[in-house]
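Here is a tutorial dialogue on reading a protein model.

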Amino acid sequence: MTEPPIGLIAAIPEELAEFGRHFVEESRQEIAGLSFRIGRLDERAVVAVEAGIGKVNAALVATLLLREFDCSALVFSGVAGGLDPALGVGDVVVAERLIAHDYGALIDGRIKPYQPGVPPLPGFPENFGYDVPDGLLARLKRNLVDVELPTVSAAAAGGEARTPKLVFGTVLTGDTFLNCAKTRDRLHAELGGLAVEMEGAAIAQVAERFGAPAVVVRALSDLAGADSHM
């Protein structure tokens with residue numbers, strides 16, 4: 001029996017390229033202008049695809065991977081902006097929970113989050129977020145406990161060379177690139193986000209519909225403030 005593949009998603013070509021020689025492409029299929037690369041990653045069957053940036057692109061790709069390629073699980077690998085002041089460039093965040101921070105009701109100049117698809121109105125459920133199942137989360141923590149990340153150079157870290165750390169926590173998703181320290185601090189304080197990006201919660205939303213697990217792994221490329229575009 002052939003093992004079902006894992007859907008491997010990245011937003012931009014640089015993220016997908018980082019898998020390098022670990023990924024061996026065997027064939028390719030074009031759907032909706034997207035290139036789905038069928039192959040193996042360290043001997044595991046995968047379908048790798050560059051989704052493009054944003055929640056709609058991510059949801060489209062996630063749906064195609066689960067529907068057309070019968071993927072058993074989805075993994076997103078890419079970069080993100082840091083929200084937690086205790087983290088730095090190069091640190092890796094594995095999402096325990098994913099929140100679409102830009103879906104909800106705009107009240108007094110701020111968005112009150114709701115779960116995507118739930119009417120953002122009084123009287124409707126106010127719980128939100130997509131949690132990684134406890135069993136899968138425990139396996140991830142167990143298998144990653146001894147991972148050692150390579151040193152980040154002073155130039156890349158924006159100061160001094162540092163050894164990154166790997167942490168688990170909440171990752172926020174929205175369709176706006178965060179280049180604002182004030183908003184960064186608010187999102188961290190109000191939602192407990194460690195990192196912010198533009199695809200993860202959409203992938204989790206689709207995966208939940210299909211009953212498939214989804215894991216989002218993010219390396220911090222910036223600290224989501226005024227210099228994040230650098």
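Q: How exposed is T2, and how is that read?
A: Exposed means over 50% relative accessible area, buried under 20%, and partly exposed in between, with a 1.4 Å probe and protein chains only. T2 has 71% relative accessibility and so counts as exposed. T2 is found in the segment before β1. Helices (H or I, at least four residues) and strands (E, at least two) are DSSP runs, numbered from the N terminus. The C-alpha atoms of T2 and A45 are separated by 9.2 Å, although the two are 43 residues apart along the chain.

Q: What should I know about the model before going further?
A: The model is predicted, so local features need pLDDT of at least 70 and side-chain atom pairs count only at pLDDT 80 or more, while totals for chains, interfaces and linings use all residues. Residues are numbered from 1 along each chain as its sequence is written, and side-chain values use heavy atoms, with hydrogens and water left out.

Q: Is L8 buried or exposed, and what does L8 touch?
A: L8 lies in strand β1. With a relative accessible area of 5%, L8 is buried. Contact means heavy atoms within 4.5 Å. Not counting residues up to four places away in sequence, L8 touches F19, L41, V47, A48, V49, L65 and V75.

Q: Which residues have the most contacts inside the largest nonpolar core?
A: A nonpolar core is a set of buried Ala, Val, Leu, Ile, Met, Phe, Trp, Tyr and Cys residues joined through side-chain atoms within 4.5 Å. The largest one here has 39 residues, and those with the most contacts inside it are I9, F36, V61, L65, L74, V93 and I203. A second, separate core has nine residues, including L16, F19, L41 and A48.

Q: What does L65 touch?
A: Leaving out residues up to four places away in sequence, L65 touches G7, L8, I9, F36, V47, V49, D70, C71 and L74.

Q: Where is F69, and is F69 buried or exposed?
A: F69 is in the loop between α2 and β5. Its relative accessibility is 11%, so F69 counts as buried. Beyond its neighbours within four places in sequence, F69 is in contact with P5, Q29, I31, F36, I38, V47 and L64. One of these, P5, is 64 residues apart from F69 in sequence and 7.7 Å apart in space, C-alpha to C-alpha.

Q: Which residues of helix α5 are buried?
A: In α5 (residues 181-191), the buried residues are R184, L187 and L191. They cover an arc of only 80 degrees around the axis, which puts them on the same side of α5. That arc is taken from the directions from the helix axis to the C-beta atoms. The face turned away from the buried side carries the exposed residues K182 and A189.

Q: What do the buried residues of α5 pack against, and what follows the helix?
A: They pack against β5 (73-82), β6 (92-100), β8 (110-113), β10 (166-173) and β11 (193-197). The helix α5 is followed by G192, whose phi is positive, near 70 degrees.

Q: How much space lies in the largest pocket?
A: On a 1 Å grid over the protein atoms alone, a pocket is an open set of points where a 1.4 Å probe fits, with protein on both sides within 12 Å along at least five of seven lines; lining residues have an atom within 4 Å of a point. Grid points are joined across faces, edges and corners, and a volume is the space filled by probe spheres set on the points. The largest pocket holds about 1,600 Å³ of space. Of the 38 residues that line it, the closest to its centre are L8, F19, V75, S77 and V217. The largest share of this lining, six residues, comes from β5.
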